[in-house]
Every structure is written in C-alpha cells, then in structure tokens.
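Student: Please take a close look at one part of this model. I would like the packing, and the residues that go with it, in one connected account.

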Amino acid sequence: FIMIGGINERQAQIIHYFQTNPDAVVTVKEMQDRFIITQMTARRDLTELVENGYLKEVAINKVKRGYLRSEDFDDKVKN
C-alpha cells in the first residue's frame, strides 16, 4: 500500500488494517498506542486518510471520534 503515493508508511499500515478488518472502527488513541506516536500525529494520519477518501469519521459520543472504511475504500485501494 506504500506504493499508492501521497501516504506515509503508517497510513499504508492503517489501510492494510482496514483491508483485513473491514468492519473495524478505530480511534486516535488506538492508533497512538499501536504505532507509539503522539496524539497529534495519529490524528493527522487519520485525518489525511479521511481527506483522501480512504476513511470516514464518525461520532462515537460527544467527544470521541471513530474512523472506519469509507464507501469508496475498495475502489480507492484498487487504484
């Protein structure tokens, strides 16, 4: 997935995670813990994937946000 272009190695790993776990919903905190990165870096990685159409952001509660595959995920990954 790193060959997609315009994404970093962590983002490629996130895309791979969603490819193998299509029903997954992740949070910034989960990505922060998984990659041992700052909250800001985790949020930026996920936000960029939302902006590029790979993920969709949803409200879990009034404060917490979750990220899941976008409707176009499969088409985006194929290209």
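**A loop and the helices around it**

Tutor: Ile36 lies in the loop between H2 and H3. Helices here are DSSP runs of H or I with at least four residues, strands are E runs of at least two, and both are numbered from the N terminus. The model is predicted, so local features need pLDDT of at least 70 and side-chain atom pairs count only at pLDDT 80 or more, while totals for chains, interfaces and linings use all residues. Residues are numbered from 1 along each chain as its sequence is written, and side-chain values use heavy atoms, with hydrogens and water left out.

Most residues other than glycine have a negative phi. Ile36 has a phi near 50°, a positive value in a non-glycine residue. Its relative accessible area is 77%, so Ile36 is exposed. The classes are buried under 20%, exposed over 50% and partly exposed in between, using a 1.4 Å probe and protein chains only.

Now the helices that flank the loop. Two packed helices are described by the angle between their axes and the distance between the axes. H2 covers residues 28-35, and its axis comes within 8 Å of that of H3, crossing at roughly 115°. Axes are lines fitted to C-alpha atoms, for helices over the stretch in contact, with angles from 0 to 180 degrees between N-to-C directions. H2 and H3 are therefore roughly perpendicular. That class spans 65 to 115 degrees; under 35 is roughly parallel, over 145 roughly antiparallel, and the rest oblique. Val28, Met31 and Gln32 make the contact from H2, and Gln39, Ala42, Arg43 and Leu46 from H3. Contact means heavy atoms within 4.5 Å. The H2 and H3 crossing is right-handed. Right-handed means the near helix is turned clockwise from the far one by less than a right angle, and left-handed means anticlockwise.

H1 joins in. H1 spans residues 9-20; the axes of H1 and H3 come within 10 Å and cross at roughly 60°. Arg10, Gln11, Ile14 and Ile15 of H1 meet Thr41, Arg44, Asp45, Leu46, Glu48 and Leu49 of H3. This crossing of H1 and H3 is right-handed. H1 also packs on H2, at about 115° with the axes 12 Å apart. Here Arg10, Gln13, Ile14 and Tyr17 of H1 touch Met31, Arg34 and Phe35 of H2. The H1 and H2 crossing is right-handed.

Two residues of H3 deserve a stop. Asp45 lies in H3, which runs over residues 39-51. With a relative accessible area of 1%, Asp45 is buried. Leaving out residues up to four places away in sequence, Asp45 touches Asn8, Arg10, Gln11, Ile14 and Ile37. Met40, however, counts as exposed because its relative accessibility is 64%. Its C-alpha atom is separated by 19 Å from that of Tyr54, 14 residues apart along the chain.

Arg34 lies over the face of Tyr17, at 4.5 Å from the ring centre. The criterion is NZ of Lys or CZ of Arg within 6 Å of the ring centre and within 35 degrees of the ring normal. Lys76 likewise lies over the face of Tyr54, at 5.3 Å from the ring centre.

The structure holds one aromatic pair. Tyr17 and Phe18 have ring centres 5.7 Å apart and planes at 80°, so the pair is edge-to-face. Rings of Phe, Tyr and Trp (its six-membered ring) pair if their centres lie within 6.5 Å; planes under 30 degrees apart are stacked, over 60 edge-to-face, and the rest tilted.
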